[in-house]
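Hi,

Here is the structure I promised to pass on to you.

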Amino acid sequence: MTVWTSSESFLEDALAARVQALLSTPRFRCYRSGDVEGVELGGALKNVLAIACGVSDGLGFGSNGRAALITRGLYEITKLAVARGANPMTMAGLAGLGDLVL
């Protein structure tokens with residue numbers, strides 16, 4: 001889970017840190033991010049890619065087909081997110097690739 005903050009203010013970051021601490025357990029880790037656009041786009045766009053991977057699996061394209069979809073899809077998601085003002089590293093992290101491989 002990613003908790004995001006929309007500004008660089010100390011109070012908002014402190015609140016996000018508190019929420020992170022409250023939600024985290026030994027078996028569930030919560031992260032913070034200041035990249036609101038990236039977290040939102042990563043969370044939404046990876047679902048489209050996950051559906052495409054399911055269709056690929058259903059058609060019997062195998063692991064290579066899924067790998068190609070994930071590789072190219074992640075590249076396209078990152079391009080779109082960056083064009084919308086997101087940090088490209090967010091797509092390489094839990095909100096993008098990390099959530100996609102589940």
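**What I found**

Going along the sequence, the protein chain follows the pattern β-α-β-α-α-α-α. That makes five helices and two strands. Keep in mind that this is a predicted model.

Some overall numbers to start with: the protein chain has 102 residues, and 27% of them count as buried. If you take the contacts with a separation of 6 or more, residues 24 or more positions apart account for 58% of them.

Now for helix H2, which covers residues 36-58. Does its length agree with what you'd expect, or disagree? At 1.5 Å a residue, its 23 residues should span 33 Å, and the end C-alpha atoms are 34 Å apart, so the two agree. Among the buried residues of H2 are Val39, Leu49 and Cys53. After H2 comes Gly60, which has a positive phi, near 80 degrees.

Val55 also sits in H2, but Val55 is partly exposed because its relative accessible area is 45%, between the 20% and 50% cut-offs. Together with Ile51, Leu59 and Phe61, Val55 forms a nonpolar patch on the surface, with about 440 Å² of accessible area.

One more residue to look up is Tyr75, in helix H3 (residues 62-83). At 42% relative accessibility, Tyr75 counts as partly exposed.

Cheers

Note on methods
Residues are numbered from 1 along each chain as its sequence is written. This is a predicted model: local features need pLDDT of at least 70, side-chain atom pairs count only at pLDDT 80 or more; totals for chains, interfaces and linings use all residues. Side-chain values use heavy atoms; hydrogens and water are left out. Helices (H or I, at least four residues) and strands (E, at least two) are DSSP runs, numbered from the N terminus. The expected span of a helix is 1.5 Å times one less than its number of residues. Buried means under 20% relative accessible area, exposed over 50%, partly exposed in between (1.4 Å probe, protein chains only). Patches are made of residues with over 30% relative accessible area and no salt bridge: like charges are joined within 9 Å, nonpolar side chains (Val, Leu, Ile, Met, Phe, Trp, Tyr) within 5 Å. Accessible areas come from the Shrake-Rupley method with a 1.4 Å probe; for residues, only the protein chains shown count as cover. A salt bridge is a side-chain nitrogen of Lys or Arg within 4 Å of a carboxyl oxygen of Asp or Glu. Contact means heavy atoms within 4.5 Å.
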